[in-house]
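Please study the sequence and the three-dimensional structure shown below. The paragraphs that follow lead through the structure step by step.

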Amino acid sequence: MTKSVPELPCILIVDDDDDQLFLTRHMLERAGVRHPIVEARGGPEAIQYLDRCCPENGGPAAAAPALVFLDLKMPTADGFAVLSWIRSQSALHALKVIVLTSSDDGADVKRCTALGAQGFLV
């Protein structure tokens, strides 16, 4: 009898900057992270991806990421909007979110924490 290795949940990187997507992916790979990495180029693409993962929307629960690295300053739907949307979805309520940003504004840190981010890296 052979045991199949369970597939690891993905890590979602959300950023509108291709260089930052590359650097974050590279950092994770260099750290030896074996989870599949999915990239979303902006807030709307992240919400669309995560919406497809929600079981209440017909998605498989196993498709939900284990962790999200979220850029804060993006056009259309910024990190605050994405984080608010994530926390409004019951199936994603426990999803770990780390905010990656160039902003060191204390108000941004407080707002992200209030919205349920687990970490804030400048």
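Which backbone nitrogen lies 3.1 Å from a polar atom of the side chain of D78? The backbone nitrogen is that of F80. The model is predicted, so to speak of local features requires a pLDDT of at least 70, side-chain atom pairs count only at pLDDT 80 or more, and totals for chains, interfaces and linings use all residues. Residues are numbered from 1 along each chain as its sequence is written, and side-chain values use heavy atoms, with hydrogens and water left out.

Helices (H or I, at least four residues) and strands (E, at least two) are DSSP runs, numbered from the N terminus. Two strands are said to pair if DSSP finds at least two bridges between them. In general, strands of a sheet pair through backbone hydrogen bonds, either parallel or antiparallel. Here, five strands form an open sheet in the order β2-β1-β3-β4-β5, with parallel pairing. Because β2 and β5 (119–121) stand at the edges with a single partner strand each, one side of each is left without a neighbour in the sheet. On average, neighbouring strands of this sheet are turned by 20° against each other, direction ignored; such angles are taken between axes, which are lines fitted to C-alpha atoms (for helices over the stretch in contact), and run from 0 to 180 degrees between N-to-C directions.

Strand β1 has partners on two sides. Four bridges join β1 to β2 (residues 37–40), and four bridges join β1 to β3. L12 illustrates both pairings: its bridge partner in β2 is V38, and its bridge partner in β3 is V68. The chain passes from β1 through helix α1 (residues 18–30) to β2 in a right-handed β-α-β crossover; right-handed means that, with the strands pointing away from the viewer, the path from the first strand over the helix to the second runs clockwise.

Buried means under 20% relative accessible area, exposed over 50%, and partly exposed in between (1.4 Å probe, protein chains only). A nonpolar core is a set of buried Ala, Val, Leu, Ile, Met, Phe, Trp, Tyr and Cys residues joined through side-chain atoms within 4.5 Å. The largest such core has 26 residues, of which V14, L50, L70, I86 and L92 touch the most other members. Helix α3 gives the most to this core, with five residues. Apart from this core lies another, of nine residues, including I11, I13, F69 and L100.

Helix α3 lies across β3 and β4, running at about 150° to β3. I86 is in contact (heavy atoms within 4.5 Å) with L50, L92, H93, L95 and V97, not counting residues up to four places away in sequence.

The explanation now returns to D78, which is found in the loop between β3 and α3. D78 is partly exposed, with a relative accessible area of 26%. D78 and D16 are 62 residues apart in sequence and 9.7 Å apart in space, C-alpha to C-alpha.

Methods. A polar contact is a pair of N or O atoms within 3.5 Å; within protein, one must be able to donate a hydrogen and the other to accept it, and residues adjacent in sequence count only if both atoms are side-chain atoms.
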